[in-house]
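Colleague: I'd like to learn how to read a helix pair and a metal site in a model. Could you walk me through them?

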Amino acid sequence: MKIESIKIVRVAMPLIYPFRTAYGNDEVIDSVLVRLSSDRTQGWGEGTCFGVPAYSSECAATQFIVSRDIIAPLLLGQEFAGGKDLQDRLSGIKGNYFAKGAFDLAWWDLYSREKNQPLWEILGGRSPIVEAGADFGIMENHSRLIDAIAGANAQGYKRVKLKYRPGWDLEMIKAVRAEFPDTIIHVDCNSAYSLDDLEMLKELDNYRLAMIEQPLSNDDLIDHAALQKQLKTPICLDESITSLDKARKAIDIGACRWVNIKPGRVGGITNALEIHHHCEKMQIPCWIGGMLESAIGASHCIALATLSNIKYPSDIFPTSRFYKQDLTIEPIEHSAPSQFRASDNPGIGVMPDEELLHKFTLEQVEL
Ligand SMILES: [Mg+2]
């Protein structure tokens with residue numbers, strides 16, 4: 001399965017309304033798609049690291065350049081024995097996880113299509129049905145959020161994740177918990193705090209949260225370990241876990257009790273699998289995070305969410321939650337309330353529609 005051609009496309013997908021987190025407010029989602037073609041078929045991957053380097057040190061514009069000028073020339077015309085072989089070929093490139101990840105995802109999709117098998121089966125998933133949670137950003141006021149959570153509960157979501165940042169913090173959780181004493185809730189701080197905020201973070205123990213996601217700096221492990229010792233609520237690491245090595249160290253020093261796995265953030269499915277299997281061995285449960293990907297990236301996330309150590313509803317959304325239109329003709333839709341079904345078609349089961357892709361394209365290149 002030789003890589004005969006590579007296409008790289010940078011897109012900007014307008015959101016229905018701005019997504020507000022501790023990193024700021026996004027009106028569009030910038031993403032880079034990669035297509036790898038063999039002589040028989042093609043596979044698609046996506047790395048969504050946003051338009052500015054706020055979630056990580058990458059952004060879509062740098063991802064496009066690194067993909068075009070550095071990664072693609074290393075892979076074009078090559079054959080790979082497996083995902084590990086492809087990762088080895090890229091091992092000289094430091095960081096740039098989302099860029100490397102989009103190629104790795106595309107390779108797994110291509111590989112599954114060549115084998116004529118659904119990706120989730122190739123990855124060793126236990127069932128095609130995956131559970132997804134509800135996720136709410138910062139809103140204008142508490143009553144709007146309370147209405148939104150009531151809606152999510154009515155729709156059957158089994159957990160609610162709330163973005164959390166200075167100014168949208170303890171008072172918000174207090175109001176939400178008073179209204180919903182039994183809802184499974186966790187907060188995502190997106191690295192907004194430091195150990196100076198210890199007293200506030202300890203207060204969160206009073207609200208029976210399922211976990212606190214990434215309270216401290218985006219690449220930290222040590223302070224998280226210090227914090228976890230002082231909290232009853234489990235810490236879940238997201239931004240800090242960029243590799244198997246970081247996951248291993250985080251678990252060894254007690255920096256977290258949950259790991260959020262995002263295939264883009266860790267450089268692809270190959271690394272996501274390694275992290276998942278290590279966490280399973282160490283009895284650290286995982287779930288799959290989201291970056292508001294198009295249907296391409298979301299389909300990869302659904303396939304990963306079928307793995308056995310995914311023990312909490314993942315951040316996977318139907319197209320209509322954030323977008324008027326997706327890149328595929330068939331949007332991502334729930335198979336049942338709060339659930340998705342991994343495609344039984346070969347690979348991820350979907351491909352971008354050329355016309356829709358063209359509509360959202362900022363720049364593209366084919367090698
Ligand atoms: Mg997060």
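Colleague: How do helix 1 and helix 3 pack, at what angle and with their axes how far apart?

Modeller: Two packed helices are described by the angle between their axes and the distance between the axes. Here helix 1 (residues 60-75) and helix 3 (residues 97-114) pack at about 50°, with axes 9 Å apart. Helices are DSSP runs of H or I, at least four residues, and strands are E runs of at least two, numbered from the N terminus. Axes are lines fitted to C-alpha atoms over the stretch in contact, and angles run from 0 to 180 degrees between N-to-C directions.

Modeller: A caution: this is a predicted model, where local features need pLDDT of at least 70 and side-chain atom pairs 80 or more, while totals for chains, interfaces and linings use all residues. Residues are numbered from 1 along each chain as its sequence is written, and side-chain values use heavy atoms, leaving out hydrogens and water.

Colleague: Which protein donors does the magnesium ion have?

Modeller: Donors are N, O and S atoms within 2.8 Å of the metal (3.2 Å for Na, K and Ca); water is not among the atoms, so sites may look incomplete. D188 (OD), E213 (OE) and D238 (OD) lie 2.2 to 2.4 Å from the magnesium ion, with the spacing D-x24-E-x24-D. D188 is in strand 7 (residues 185-188) and E213 in strand 8 (residues 212-213), so the pair ties together parts 25 residues apart in sequence.

Colleague: Are D188 and E213 buried or exposed?

Modeller: Both D188 and E213 are buried (under 20% relative accessible area; exposed is over 50%, partly exposed in between, with a 1.4 Å probe and protein chains only).
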